[in-house]
Amino acid sequence: MQAQRMNLAAAVALMIGGGAVLAVPAPANATELPVSGSGDVVINEIESSGGQPGDWLELFNPSTKAIDLEGYVLTDNSPEDPTHRYTVPAGTVVAAGAHLVIEDGESDLGLGGADSVRLFGTDGTTVVDEYSWSRHAATTYGRCPDGTGEFARTAVATKGSANVCADAPTETPGPTNPESEPWPGSPAASPIASGVTLAEDMSGLDYQYSPEGSTLWAVENGTGGLYRFDVAADGGVTPAQGWETPKRVRFQADAGQPDAAGPDTEGVTFSPGRPDSVFVGAERDNSAKSTNRNTILEVDVRAATGADVVATTEWDLTESLPAVEANTGIEAIEWVADSELDGKLLDENTGTPYDSANYPGANGLFFVAVEETAGVYAYALFDDGSAARVATLESGLGGVMALDYDESTQTLWGMCDNGCGGTSALFHFGTTDGSAGYTVTLIARPAGLPDTNNEGFTIAANETCTNGTRAAYWLEDGVQTDALKQGSIACAPVGTPPSETPGATETPGGTETPAPTGSPVATDTQGATPSPGGAAGGGQGSGTETGAKDEALATTGAAHLVPGMLAGLAALTLGALALTRRRDA
């Protein structure tokens, strides 16, 4: 979900000047904060990520008199939620010209990548001051000049003391749209499946191609709902038979407990080697929302006849992923075949090019995106519930909410939501000099796609191309009507090996070989059970990888032009070849 939560302290420290702590007794002439006027206390500096020891916010008293803040209320961007309101305790007095720091701790007030801080008077409704942002600052957000100016990114964090402003203060940050290449397809995008009722908390999408009929998978995070749609020739979708209503994904521990809240499922993918299964990524258990539980769950969809589908295997990645707060963890998941990665991806465990032989039985890697870090992490998963982290990718965006791998162009899409204008990071494995690593190109969203909280994205297989285009889908969180939208993207040149993405910039450090960190070490997972039919210690089954599928060449008898995947590949002349790939359902 887009909302991101971190605990803020109930404990308050009064800071002045160079950061010294001052306990200020309430003087006899202390006055209660007026609800308006130039003497009001102000929100002065905000640390929403990476603070010491955690997140914090700072208030400042610009007046010439001490101000008693007892009974004042601080909230995040959900002021109506009583669990996200912090009431300033008795005896909290801010001296004239002093700073008050509220630390990370006991309160449930939340500071995330797209959030706000609001200060209310003692009535709990009158706004004294507020500030909103759409992404974490590299330093902090603070008033420049200190205590009186507009908010900008500071030069350094100055907790409890006067703000140090950058030489060129920035505008109040809003949704950003990094410099990017244009969308490689039609600018139009329209709602589809208007007759299908979706949940309000929709998130992940994935397109599964089959010559007999393709499938669109979707998940929602409120109840762990899994949706299955049949895809028509024109790209439209209808619920699959037996999936007229979504099925709830269940943790193994919740089997037989229909009242269990279930996982906060954010992403969905499939592995052709496991044709009976899909895999979902969850960032927490909805019954314990304040606790991280970054987990991949495998569920058997062929055997799903009831309302619930219980995980057959679970991989808890919490300890191996970067430490983040609850509701800022796994946001997307995508499987990629070993044949797409061998020799191209840099293995962080060995410091050498990825070799799937080092991870016997894993059969491909699962990439997960973490909302708070905007990073993408590759894992080898094994049937006993263990996992090994293989690689880390930096997107260069403020967040990654969806992942989708396009075999036809050999690129991994990482889409951001309206926090960065719907821009996507396009990862291409292997570098220009032939070494292991990756490059990143930023791609703008279609001009006709609203800049909303889209958390799901997927592209139809190249086999579905018609007149040079194929379908692309987006799924919006926070709405029930018209949440699923369809647009189009250019087909890849059929029968032509994908070339290096033009204009791509190599990620810093992407081609450098780090010092070896030893052989890959699997991370044990609690509570996992082997998947039915899986060998002990085995990986994703013995099925055939996508990259090793049979390929057949057919002659079209006519040459034509097909738009390229990106700018610079447009107007490529096709030969007389069309590639038909067969994928497992």
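**Entry 1**

I looked up Cys416 and Cys420 and found both of them buried, where buried means under 20% relative accessible area, exposed over 50% and partly exposed in between (1.4 Å probe, protein chains only). A disulfide joins Cys416 to Cys420, with 1.8 Å from S to S; the term stands for a pair of cysteine sulfur atoms within 2.5 Å. As a reminder to myself, a disulfide is a covalent bond between the sulfur atoms of two cysteines. The torsion about the S-S bond of Cys416 and Cys420 is about 85°, so I noted this disulfide as right-handed.

**Entry 1: what I am looking at**

This is a predicted model, in which local features need pLDDT of at least 70 and side-chain atom pairs count only at pLDDT 80 or more, while totals for chains, interfaces and linings use all residues. Residues are numbered from 1 along each chain as its sequence is written, and side-chain values use heavy atoms, with hydrogens and water left out.

**Entry 2: the other links**

How many disulfides does the structure hold? I found three. With the bonded cysteines of the protein numbered in sequence order, the pairing reads 1-2, 3-4, 5-6.

Next I turned to Cys144, which a disulfide joins to Cys165 at 2.2 Å from S to S. The link of Cys144 and Cys165 is left-handed, with -105° about the S-S bond. Cys144 lies in strand 13 (residues 141-144) and Cys165 in strand 15 (residues 164-165), so this pair ties together parts that are 21 residues apart in sequence. Is Cys144 buried or exposed? Cys144 counts as buried because its relative accessibility is 12%, whereas Cys165, at 27%, counts as partly exposed.

Then I checked Cys465 and Cys491, which are joined by a disulfide with 2.0 Å from S to S. Their link is left-handed, with -130° about the S-S bond. The pair links distant parts of the chain, 26 residues apart: Cys465 is in the loop between strand 36 (454-459) and strand 37 (469-476), and Cys491 is in the loop between strand 38 (484-490) and strand 39 (505-506). Cys465 counts as partly exposed at 26% relative accessibility, while Cys491 is buried, with a relative accessible area of 2%.

**Entry 3: Asn454**

I found Asn454 in strand 36, and at 4% relative accessibility this residue counts as buried. What does Asn454 touch, leaving out residues up to four places away in sequence? I listed Met401, Met415, Asp417, Leu449, Trp474, Leu475 and Glu476, with contact meaning heavy atoms within 4.5 Å. I also looked at Ser203: its C-alpha atom is separated by 7.8 Å from that of Asn454, although the two residues are 251 residues apart along the chain.

Which strands form the open sheet, and in what order? I read off four strands in the order 26-29-30-31, with antiparallel pairing. Strand 26 (330-336) and strand 31 (387-394) are the edge strands, each pairing on one side only. Two strands pair if DSSP finds at least two bridges between them. Strand 30 (residues 375-381) pairs with strand 31 in the antiparallel sense over seven bridges. Leu381 stands opposite Ala387 in strand 31.

Note on methods. Helix = DSSP H or I, 4+ residues; strand = E, 2+ residues; numbered from the N terminus.
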